[in-house]
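Biologist: Could you pick one part of this model and take me through it closely, then follow the contacts from there? I would be glad to have the cut-offs along the way.

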Amino acid sequence: MLGHLGAFSAFEAMTKAILVAAVALLLTCASVVMHPATDERAMYGFEGPLEQNWLPRVVAGWPAPFLADSGETSVPHQIGPEDHFRPGPFLADLGFWALVVLGVMRVWRLVRRRA
């Protein structure tokens, strides 16, 4: 009997982990619509004076921008699939959103117990 309860608990924990990971991944990908201000600059073209081509770079993702506009292959000042992907900030965002989801789940559980 105890073996069966342990298996159910393991299944429940695995389901919770998969749910948290899936929702965190969804929120991380959805954060691409946010374009935080940055002081990064990129070279957009090589004709004319340097200050005309050295322009602010658009980045996407929140809280850590993990997509950056590429001046070589990109439409200027637009985020798209051809832009620079930064795996470190992506993993940081994924961890942040996983913690947010876990916190919301804990608060939800506390609210349900008190009701």
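Modeller: Let's begin with helix α3 (residues 87–114), which supplies the largest share of the positive patch, four residues. Helices (H or I, at least four residues) and strands (E, at least two) are DSSP runs numbered from the N terminus. Before going further, please keep in mind that this is a predicted model, in which local features need pLDDT of at least 70 and side-chain atom pairs count only at pLDDT 80 or more, while totals for chains, interfaces and linings use all residues. Residues are numbered from 1 along each chain as its sequence is written, and side-chain values use heavy atoms, with hydrogens and water left out.

The patch of positive charge on the surface gathers Lys-16, Arg-106, Arg-109, Arg-112 and Arg-113. Patches take residues with over 30% relative accessible area and no salt bridge, joining like charges within 9 Å and nonpolar side chains (Val, Leu, Ile, Met, Phe, Trp, Tyr) within 5 Å. Lys and Arg count as positive and Asp and Glu as negative, with His and the chain ends not counted; a charge is placed at NZ of Lys, CZ of Arg, CG of Asp or CD of Glu. Areas come from the Shrake-Rupley method with a 1.4 Å probe, and for residues only the protein chains shown count as cover. Arg-113 lies in helix α3 and is exposed, its relative accessible area being 61%. Here buried means under 20%, exposed over 50%, and partly exposed in between.

Rings of Phe, Tyr and Trp (its six-membered ring) pair if their centres lie within 6.5 Å, and planes under 30 degrees apart count as stacked, over 60 as edge-to-face and the rest as tilted. Trp-62 is partly exposed at 34% relative accessible area, and Phe-96 is partly exposed at 30%. In a second pair, the ring centres of Phe-66 and Phe-90 are 5.1 Å apart and the planes stand at 75 degrees, so this pair is edge-to-face too. Phe-66 sits in the loop between β3 and β4 and Phe-90 in helix α3, 24 residues apart. Phe-66 is buried at 3%, and Phe-90 is buried at 16%.

Together with Phe-96 and Trp-97, Trp-62 forms one aromatic cluster, and a cis peptide bond with omega of about 10 degrees joins Trp-62 to Pro-63. Pro-63 belongs to the loop between β3 and β4.

Arg-86, in the loop between β5 and α3, pairs with Glu-40, in the loop between α1 and β1, 46 residues apart. In this salt bridge the closest N and O atoms are 2.6 Å apart, where a salt bridge is a side-chain nitrogen of Lys or Arg within 4 Å of a carboxyl oxygen of Asp or Glu. Glu-40 also bridges to Arg-57, with the closest N and O atoms at 3.4 Å. Arg-57 is buried at 18% relative accessible area, whereas Glu-40 is partly exposed at 23% and Arg-86 is partly exposed at 22%.

Technical notes:
Buried means under 20% relative accessible area, exposed over 50%, partly exposed in between (1.4 Å probe, protein chains only).
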